[in-house]
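Reader: I am new to this structure. Please show it to me, and then take my questions one by one.

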Amino acid sequence: MNIAIYTFTLGRWEYLRKAIDSVNEASKGSNHSIKHFIYSQGVPFPSDLVKSNHIEALETWDMNYGIAEGMNRVIKTFTSADLVMKMDDDCKIVSSNFFDHIAEIHTLMPNMVFSPYPVGLIRNPGGPPGKRHEVKYSKSLDTYYTFRYVDHIGGFARIAPYNLVKNWEYVPDLFLGASGNEDGQHSSKCIQNSIPMTYLENAIIVEHQESTLGQHERYKNYFKGRF
């Protein structure tokens with residue numbers, strides 16, 4: 001299976017390095033094609049950050065276009081992908097066999113948008129509350145997956161079938177003092193197209209590095225009072 005990961009960054013290089021390392025580590029032993037596309041919005045990459053392993057592109061843009069417009073620019077280029085994963089620069093993959101699991105989940109539920117279980121969210125642990133749960137069994141990986149169905153899915157580590165989202169267009173969401181609303185737009189499009197959205201309660205896990213509280217301590221100027 002072809003998996004395209006895309007990441008936008010504004011210069012939190014210590015987080016980005018750990019995100020890249022986690023993709024490389026999670027890719028070991030996987031037979032899937034994994035390509036990581038990284039876009040810096042108006043901030044040059046440090047000279048020691050070079051393409052390696054699964055990094056397909058390190059591209060610096062002339063300015064910060066925001067996440068929604070960034071998605072308009074890049075998603076349509078992943079023409080060979082079966083799955084596209086939006087992975088924030090502060091996201092770290094922490095579970096084993098990650099890409100084998102997401103490929104298997106896609107095989108079991110081919111028309112679903114889903115997210116790994118996110119560790120480190122303080123105000124909403126594990127992501128949005130669910131409206132129901134469902135369990136599916138993978139014979140090939142001998143794993144029972146527990147899905148939490150939701151009406152909204154965040155953009156922290158969102159995985160979507162490329163054929164469902166490749167033509168979606170988003171309203172630019174670069175707002176002063178806010179993080180934007182691409183996740184709300186994406187969730188609305190899923191609802192409009194009857195595409196189920198779920199969070200996994202097991203098997204695939206990502207970490208919001210240093211937790212939302214810890215990040216506010218390290219990057220007070222980055223968040224400017226937002227939580």
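This is a predicted model: local features need pLDDT of at least 70, side-chain atom pairs count only at pLDDT 80 or more; totals for chains, interfaces and linings use all residues.

Reader: How are α2 and α5 oriented to each other?

Author: Helices (H or I, at least four residues) and strands (E, at least two) are DSSP runs, numbered from the N terminus. The axes of α2 (residues 67–74) and α5 (residues 182–192) come within 8 Å and cross at roughly 55°. Axes are lines fitted to C-alpha atoms, for helices over the stretch in contact, and angles run from 0 to 180 degrees between N-to-C directions. Under 35 degrees is roughly parallel, over 145 roughly antiparallel, 65 to 115 roughly perpendicular and the rest oblique, so α2 and α5 are oblique.

Reader: Which residues of α5 make the contact with α2?

Author: Contact means heavy atoms within 4.5 Å. From α2 come Ile67, Ala68 and Met71. From α5 come Glu182, Gln185 and His186.

Reader: How many residues of β10 are buried?

Author: Buried means under 20% relative accessible area, exposed over 50%, and partly exposed in between (1.4 Å probe, protein chains only). In β10 (residues 157–161), Ala157, Ile159 and Pro161 point one way, and Arg158 and Ala160 the other way. The strand is mostly covered, and the buried count is 5 of its 5 residues.

Reader: Which residue stands opposite Arg158 of β10?

Author: Two strands pair if DSSP finds at least two bridges between them. β4 (residues 83–87) pairs with β10 in the antiparallel sense over 5 bridges. Opposite Arg158 stands Lys86.

Reader: What are the edge strands of the open sheet of 3 strands?

Author: The pairing in this sheet is mixed, and its order is β5-β12-β7. An edge strand here pairs on one side only. The edges are β5 (91–93) and β7 (117–119).

Reader: Is Asp89 buried or exposed?

Author: Asp89 sits in the loop between β4 and β5. Its relative accessibility is 3%, so Asp89 counts as buried.

Reader: Which side chain does the side chain of Asp89 join in a polar contact?

Author: A polar contact is a pair of N or O atoms within 3.5 Å; within protein, one must be able to donate a hydrogen and the other to accept it, and residues adjacent in sequence count only if both atoms are side-chain atoms. For Asp89 the polar contact is 2.9 Å, and the partner is Thr9.

Notes:
Residues are numbered from 1 along each chain as its sequence is written. Side-chain values use heavy atoms; hydrogens and water are left out.
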